[in-house]
Amino acid sequence: MMNCIRYCEETATFYLNTAHTSYAFCINELGAPEHLYYGARIPSDDLRHIRNKHVYSFVPYAGRGLECVSPDVFFQELPVANCGDFRSIALSLVDGNGKYGARMRYASHILREGRLSLPDLPYSRGIGAESLEVTLKGETKEIEIKLHYVVYPACDVIARYTEIINCGKKEIHLQKAASLSLDLYGHEWELIETYGTYQYERAAVQRTPLKYGTSGSFSHKGASGHQGNPFMAVCRPEACEDTGEVYGFNLIYSGNYENSAEVDALGNTRIITGISDYQFDFAIPAGERFFTPEAVMVYSDCGIGGMSRAFHDFVRRQIIPPSFVNRHRPVVLNTWEGCYFDVNEQKILALADGAIAAGAELLVLDDGWFRTDDNENLGDWQTDFKRFPHGLGWLSDRLHEKGLGFGLWFEPEMINSKSRLYGERPEWVVCSGDGCYLSRNQLVLDMGNPVVVDYLFERICACLSGVKIEYLKWDMNRYISEAGTSCGTQGSFFHRYIKGVYRLLRRVSEKFPALLIETCAGGGGRFDLGMLYYSPQIWTSDNTDPYTRNAIQLGTSLAYPNSAISSHVTHNVGTGLNGSMRFRYVTASFGVYGYELDAGILSEEERDMLLGFTREQKEIEPLVLDGDLYRLLDNGKFAAWALVSKDRSRAVFSFVQLRYNAMDKTCVVRIKGLDEAALYRSSGDGKLYRGGVLAHLGIRIEDLPGNTGKAVQILFERVEEE
Ligand code: GLA
């Protein structure tokens, strides 16, 4: 029984409903899908009175009695180039006869329980979903387009993607293929995006009023990147963390993307999100089809926090690998920040004892197991037997005997020119030769070439075979500065590259289904839904200094759940701004927790302190995995947040002081998300507080010192009243 999607034949209107939202479009007089509404849940009535009719000059309109219908005025589900819509377009194609554009008309539709799969791309998993497929046909019948909608009622998310089918006899070319186009009434919206750079990923949350013309962000780097992110939102000017209307958008994709918000000449707003058209010219041979990546959107009238919580539920249930949903993530000790390239068998075994004393459950051997610096051997994937004479299998067995799991670092997409592979297969490199730019001393392998993917799969399997291993860190440490390929066309390069990365991730996950893959890209340079489909957690940033790390994590949490945000306590924080160890613990406990320090040199006292932290973190881990996040404070002086269990019986409240200000010797924080009528015991002072008191009056944090870095964590547990 379909509950969420309905088609009304009389008005030719499709209604897509989630628990709190509605989305509607009709098929208009031209046979085009015309958008009517997206927002708070409303009755599935006839909504066509809202249509924007042609009453303007200088816009094209349909003749023959349809003078009121203009493709440049009505709200489009699929704006196609060269078809009378001068606003931003979602699709641009050149047909087999070299002609631009294709006027598409409704032909049929199918409603489904569940969803279809999306070949070779990551996509939302369809659990509890309903879907709609609307088929449009061109006048010449050579091109068919299917608009796909997947509706997730429980978390208020609607996913969209487009399928373009070449039904003709000649090749057609796609020059733009966005995943989502959404027209919103008016332009009184503000755009929210996260910006940053290496060691500052998503820390700069930018909120700007929309202006006439186009705003947005993009990546042309071959990865979603450190600088921007495929997530964006638009909200009402008055919207804040807890109230107001917000639309959030994201793309299940890790390659070049482009997000835009255009205020058009009539003062309405068009959102477009999808693959970037940078160097994009994708040929579809006769009889074949192209699928855009899937975009997702959410509407919330409970502010930015409401949008984030909807996205978090969606990512945790519909994106990450199902076997890791709500599952304990091992507390790791990663060797990188503590040892860098200085790793060998004895050192790892000495680290293991320190790791165990600190409560870690798994040791990750990061970079350095196959090379001594970042100048050599990437691509060969051969253990350095001088440093690890007994091999990795032996080492892993010793660690397991001590009660530790084992994890290993890889960077499959990359190659050093000082490697055996480079000598043997220079043609596998995206750009090789003297004139090519280097980045971190390395070059990029052509992942769009299936032979390269086969080779890497074989090498990864060879390294892992006979090794008891639970975790793999999948890194990527440079962008693609010069695209070029020995296989396929230049215009398809970037998309084929990322599909090759996905193919390799899929093959490795299928071969080692129990393996926990943590992705990474020079810290958090590829933090997106495409990666999360294969890896339930991502290394968030190489910056672990608690002062900036809080901004990085809070920015990341706009779109991504705490359970995806990998975060470690380190000695070497990357910026010199250390903060106390407790400050670092409270900061790292925001996400998936671990350590990155030389555990071999810890004093007795330090080991005990870390063990205490690990125990505290274990108590709150269920909240990190599945709790509702409330961002309570983020004003540059303080950051505070709460994670509340779904049944509101438990919550952890965390507070950190980022800066000293003589006026702020104490600070009052309101703790939201608890059951206002219920009583909670605070682990801080042992007293009982009602949820409503915590939400509206708050608690006072005292003794903020003259230096920075006070960090407080309090657990609230509901007590039953007599
Ligand atoms: C990147 C990662 C680090 C570490 C190094 C190893 O910078 O972000 O965590 O793995 O590579 O070279």
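Which two cysteines form a disulfide, and how far apart are their sulfur atoms?

1. Basis of the model. This is a predicted model, in which local features need pLDDT of at least 70 and side-chain atom pairs count only at pLDDT 80 or more, while totals for chains, interfaces and linings use all residues. Residues are numbered from 1 along each chain as its sequence is written, and side-chain values use heavy atoms, with hydrogens and water left out.

2. The disulfide. Cys431 and Cys436 form the link, with 2.0 Å between their sulfur atoms. A disulfide is taken here as a pair of cysteine sulfur atoms within 2.5 Å, and the count by this rule is 1. The Cys431–Cys436 link is left-handed, with -75° about the S-S bond. Cys436 counts as buried, at 14% relative accessibility (buried means under 20% relative accessible area, exposed over 50%, and partly exposed in between, with a 1.4 Å probe and protein chains only).

3. Cys167 is partly exposed, at 39% relative accessible area. Cys235 is likewise in no disulfide, the nearest cysteine sulfur being that of Cys240, 9.4 Å away. Cys235 counts as buried, with 0% relative accessibility.

4. The ligand shell. There are 13 residues around the ligand, of which Asp366, Asp367, Lys473, Gly523 and Asp542 come nearest; a residue is near if one of its heavy atoms lies within 4 Å. By class, the shell holds 6 charged, 4 nonpolar and 3 polar residues (Asp, Glu, Lys and Arg are charged; Ala, Val, Leu, Ile, Met, Phe, Trp, Tyr, Cys and Pro are nonpolar; the others, Gly among them, are polar).

5. Polar atoms at the ligand. Oxygen atoms of the ligand lie 2.6 Å from a polar side-chain atom of Asp367, 2.8 Å from one of Arg440 and 3.0 Å from a side-chain N or O atom of Trp409. The ligand taken alone exposes 310 Å², and the protein buries 97% of that (Shrake-Rupley method, 1.4 Å probe).

6. Helix α9. This helix spans residues 546-556 and is mostly covered, with 9 of its 11 residues buried; helices are DSSP runs (H or I) of at least four residues, numbered from the N terminus. Among the buried residues are Pro546, Arg549, Ile552 and Leu554. Asp545 caps the N-terminal end of α9, one of its side-chain oxygens lying 2.6 Å from the backbone nitrogen of Tyr547.

Methods:
Polar contact = N/O pair within 3.5 Å; in protein donor to acceptor, adjacent residues only side chain to side chain. Helix = DSSP H or I, 4+ residues; strand = E, 2+ residues; numbered from the N terminus.
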